[in-house]
Amino acid sequence: MRVYVPLTLPGLAEAHRTGELGTGPFVAYAVTPALREWYLSDDIEELEYAALNRAALASLRLLAADPGAVRRRVVVAVDVPDGAAAADPDRGLDPAALGEVRVTGTVALAKAASVHVDSDDAREDVTAAADALAAADDGDDDAQFVVDGAEDHELLWYATQEIANLVELGG
C-alpha cells in the first residue's frame with residue numbers, strides 16, 4: 001500500500017539521520033474507502049494525488065506547530081506492506097480525517113518511493129498559510145482563503161537519491 005507521510009524539512013533530516021520514517025504508530029495518508037467516496041473517482045492516479053494533498057495539509061499543520069522549521073511542506077511517498085496501515089473506522093467520515101491512516105511498525109526511509117517538497121517560490125504563501133491555519137480551523141473564511149493559497153502550489157517531485165540535498169535546505 002502506498003502511503004504519504006507528512007513531514008517538515010527538519011523531520012526529513014531526522015529520518016535521513018536515523019534511516020527511519022517512523023517507528024509506529026504514526027499518521028500518514030492513503031487511498032482509503034472514505035477518500036474514494038469523498039473524491040468520487042475511480043482513477044487511482046487522481047485518488048493518489050488527493051491523498052498526497054491531504055498529507056501536504058498535514059505537513060502544513062506540522063509547520064504551524066514548529067515556527068523554526070523552513071516554510072516548505074514535505075511529503076514522503078512510501079510503500080508499506082498490506083495491513084501495516086489502516087484507517088480508523090471511527091474517524092472514517094470525519095472530513096478532517098479523509099485519507100488518514102495509522103502506520104504500525106518501523107518504516108525504513110530506504111523504502112521511500114519519492115519525496116515531494118514545495119519550491120522556494122511557495123515559501124511566502126506557505127508561511128502565511130501556516131500562520132492562518134488556526135483561524136481557518138475556527139471558521140475564518142479569510143484565513144481559509146490564505147490556507148488555500150498554499151494549496152495552489154504543486155509540490156515538486158524528488159527522487160530518494162536527492163534526500164541528502166533536500167536536507168541541506170532545512171539547515
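The structure is a predicted model, in which local features need pLDDT of at least 70, side-chain atom pairs count only at pLDDT 80 or more, and totals for chains, interfaces and linings use all residues. Residues are numbered from 1 along each chain as its sequence is written, and side-chain values use heavy atoms, with hydrogens and water left out.

**Salt bridges**

- The count comes to 5 salt bridges. A salt bridge here is a side-chain nitrogen of Lys or Arg within 4 Å of a carboxyl oxygen of Asp or Glu.
- One of them joins Glu14 and Arg17, with the closest N and O atoms 2.6 Å apart. The two residues sit 3 residues apart in helix α1 (residues 9-18), so about one helical turn separates them. Helices are DSSP runs (H or I, at least four residues) and strands are too (E, at least two), numbered from the N terminus.
- Glu14 is partly exposed at 39% relative accessibility, while Arg17 is exposed at 60%. Buried means under 20% relative accessible area, exposed over 50%, and partly exposed in between (1.4 Å probe, protein chains only).
- Another salt bridge links the side chains of Arg61 and Asp137 (2.7 Å, N to O). Arg61 lies in helix α3 (residues 44-65) and Asp137 in helix α4, so the pair ties together parts that are 76 residues apart in sequence.
- Arg61 is partly exposed at 37%. Asp137 is partly exposed at 48%.
- Asp120 pairs with Arg123 in a salt bridge, the closest N and O atoms being 2.9 Å apart. Asp120 is partly exposed at 45%, and Arg123 is partly exposed at 32%.

**Negative patch**

- Glu124, Asp125, Asp148, Glu151 and Asp152 gather in a surface patch of negative charge. Patches are made of residues with over 30% relative accessible area and no salt bridge, with like charges joined within 9 Å and nonpolar side chains (Val, Leu, Ile, Met, Phe, Trp, Tyr) within 5 Å.
- Helices α4 (123-137) and α5 (141-151) each supply at least two residues of this patch.
- Glu124 lies in helix α4. Glu124 counts as exposed because its relative accessibility is 65%.

**A buried histidine**

- His116 lies in strand β8 (residues 112-117). His116 is buried, with a relative accessible area of 9%.
- The side chain of His116 makes a polar contact with the side chain of Ser114 (2.9 Å). A polar contact is a pair of N or O atoms within 3.5 Å; within protein, one must be able to donate a hydrogen and the other to accept it, and residues adjacent in sequence count only if both atoms are side-chain atoms.

Definitions and conventions:
Accessible areas come from the Shrake-Rupley method with a 1.4 Å probe; for residues, only the protein chains shown count as cover. Lys and Arg count as positive and Asp and Glu as negative; His and the chain ends are not counted. The place of a charge is taken as NZ of Lys, CZ of Arg, CG of Asp or CD of Glu.
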